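Let's take a friendly walk through this structure together. Please keep the viewer open as you read.

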Amino acid sequence: MNAITKLFVALAAVSYLVLIAGPASAGLTAKANHDHIKIDFFYHGSTVSVSGVSDAGTDLIIKIASPEGHETLKEKGKVGGFLWMNVATLKLENVPNLYSIHSTKKIEEILDPQEMDKYVIGYPALGRHAEMSPIKDEADKARWFSEFIKYKENSKLYATSSGKIDLKKGEAGTQPYYILTEWPYQAPPGDYLVTVYAVKDGKVIEQAESKVLVEQVGIVDTLSNMAKKNGALYGFISIISALGAGFGVGLIFRKGGGAH
Amino acid sequence: MYLYLPVALTSINIIIPIGLGLAVGLLSGLFGVGGGFLMTPLLIMFGIPSTVAAATDSNQIVAASTSGTYAHWRVGNVDFKMGLYLLIGGFAGGLLGVQAIKVLKATGNADFAIKMTYVLLLGTVGTYMFFESLSSMRKKKVEEEARPEKESGFAKLLARLPLQTHFAKSGVTHSLLLPVIFGGFVGVLGAIMGVGGGFLMVPIMVYILRMPMHVVVGTSLFQILFNCIEVTFLQAYTNHSVDFVLAVLLLLGSTVGAQVGAVFGRKLKGEQLKVILAGIVLAVTVKIIFDLTLSPSLLLAQAGGH
């Protein structure tokens with residue numbers, strides 16, 4: 001190892017230390033509290049709050065999303081001019097199942113379009129990022145993507161808000177922030193990523209991440225595993241229970257029914 | 001109170017499935033239909049994925065039809081022999097129907113043809129039943145049961161078929177082939193349209209097999225019970241789409257509803273039952289027509305299911 005290499009290693013080590021410790025005055029932090037959501041028998045959604053500290057004077061955008069995947073949906077259209085039917089199958093790629101964006105101000109007012117596309121922030125950027133088929137042209141894509149957003153918002157999996165992030169004045173040029181978001185019960189078990197972007201002059205200057213883990217526990221977990229992995233036994237138990245319940249209620253009614 | 005459904009992956013207020021179960025179970029005990037036509041779309045409306053809604057409903061019908069069959073059997077209103085032949089036909093028809101779907105799908109635009117056939121069939125059956133039972137109610141008042149059964153050409157043709165046998169419970173004599181063929185016909189349609197077919201089976205038993213209305217209801221439930229056992233198992237085994245928790249909530253209502261329906265049905269005359277059923281069939285037809293013609297609020301829907 002020559003002297004120059006040694007110097008580089010030393011420099012790299014120092015800069016690494018500086019990075020993880022962060023500059024004393026600034027630095028964006030993010031923490032999702034209640035980051036481990038347990039789906040039990042009585043689960044009806046939850047709340048997740050995201051909080052941390054950013055530099056004073058920066059705007060913030062918080063994105064909560066599941067990993068990107070694909071969706072297959074049925075398109076409804078008119079047949080013969082007046083009958084609504086499923087006419088085609090729409091396939092989407094690179095779309096998260098859950099996607100919510102919260103910002104201090106409207107995104108268009110604080111972020112450049114190139115930056116939106118780069119970090120996939122906002123519905124229009126997500127629309128450009130998504131691959132869809134079959135589509136005829138750009139207008140067709142825009143139309144079906146907005147239908148897709150409607151469908152997702154209807155099941156509470158997509159959401160946007162602006163101005164709901166609570167900003168305070170902190171010490172030494174810092175700005176603590178806090179937002180409480182509703183976690184929809186429609187969101188399936190899985191890993192979700194919370195990304196906080198600090199924005200200044202139309203650019204993302206810093207970002208920080210946190211995770212939310214959603215998991216089934218107890219009876220819910222047992223039943224859903226059995227349904228997936230042991231379908232025959234699960235079906236058998238379902239049928240026997242139904243037969244037993246039907247017969248049992250029949251017997252109760254005979255006893256209560258009197259002189260029939 | 002809310003409960004989480006482990007297969008549907010959603011949460012539901014338990015009052016909804018119990019109430020739905022009660023209402024649909026009542027129809028089941030009264031008329032001998034499974035009620036899937038009503039239950040499946042309502043479950044979808046309350047946020048249950050369509051595949052899970054259809055599969056779980058069939059599990060629930062197992063309970064409701066056991067309860068209903070038991071109630072009707074106690075008063076001697078189940079023709080097991082007839083039910084057995086209908087089942088044999090229905091089973092074969094179901095297998096045939098699954099193949100027919102594949103052929104239809106390959107031709108494209110099958111959805112349109114299927115929906116139209118369904119609407120026309122329901123509309124025709126409902127209208128015929130409505131007017132027939134109304135007129136027979138009037139006739140009865142005038143002639144007081146003195147109804148000389150007119151032998152139509154169709155009835156003579158049926159009487160000439162081979163393998164004639166007597167169905168004691170129903171008090172009719174038919175060829176064995178008759179329930180097998182018509183059971184098969186309903187089985188094919190059921191598989192293609194994704195419905196149990198009680199709405200078609202009941203009128204066939206009343207008008208073609210000429211069974212008394214009260215025996216029709218009990219026998220139809222018996223037949224539905226076995227169909228739904230088969231469907232539940234296949235859905236659980238191949239599609240993993242039966243939600244046990246949802247099924248239990250539904251059957252809490254439907255088993256009780258079926259008993260109440262059976263007791264209530266005994267107090268009504270056959271013609272009265274037919275008129276009400278005809279009214280419901282027509283209402284369902286109108287509802288499907290509305291669904292087809294009104295602009296939907298969402299143009300995208302989950303794939304899979306019916």
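What follows goes from the chain interface to helix packing, and then to some local features.

This is a predicted model, in which local features need pLDDT of at least 70 and side-chain atom pairs count only at pLDDT 80 or more, while totals for chains, interfaces and linings use all residues. Residues are numbered from 1 along each chain as its sequence is written, chains are lettered from A and ligands numbered from 1 in the order in which they are written, and side-chain values use heavy atoms, leaving out hydrogens and water.

Start with the place where the two chains meet. Chain A gives 55 residues to the contact and chain B gives 53, where contact means heavy atoms within 4.5 Å. About 4800 Å² is buried between chain A and chain B, with 71% of it on carbon and sulfur atoms; buried area is the accessible area (1.4 Å probe) that two parts lose on being put together, summed over both. How many salt bridges does the rule find across the interface of chain A and chain B? It finds zero, a salt bridge being a side-chain nitrogen of Lys or Arg within 4 Å of a carboxyl oxygen of Asp or Glu.

Over all chains, though, the structure holds eight salt bridges. One pairs the side chains of K105(A) and D59(A), at 3.3 Å from N to O. This pair links distant parts of the chain, 46 residues apart: K105(A) lies in the loop between strand 7 (99-103) and helix 2 (107-110) of chain A, and D59(A) in strand 4 (residues 59-65) of chain A. Helices (H or I, at least four residues) and strands (E, at least two) are DSSP runs, numbered from the N terminus.

Now turn to helix packing in chain B. Helix 1 (residues 15-31) of chain B packs against helix 2 (residues 36-45) of chain B at about 165°, with the axes 10 Å apart. Axes are lines fitted to C-alpha atoms, for helices over the stretch in contact, and angles run from 0 to 180 degrees between N-to-C directions. Helix 1 and helix 2 of chain B are therefore roughly antiparallel (angles over 145 degrees). Their contact includes L20(B) and V24(B) of helix 1 and F37(B) and L42(B) of helix 2.

Helix 3 (residues 50-74) and helix 9 (residues 213-239) of chain B have axes that come within 8 Å and cross at roughly 150°. Among the residues in contact are S58(B) of helix 3 and L225(B) of helix 9.

Finally, look at the backbone of chain A. A cis peptide bond, with omega about -5°, joins S133(A) and P134(A).

Key. Parallel < 35°, antiparallel > 145°, perpendicular 65-115°, else oblique.
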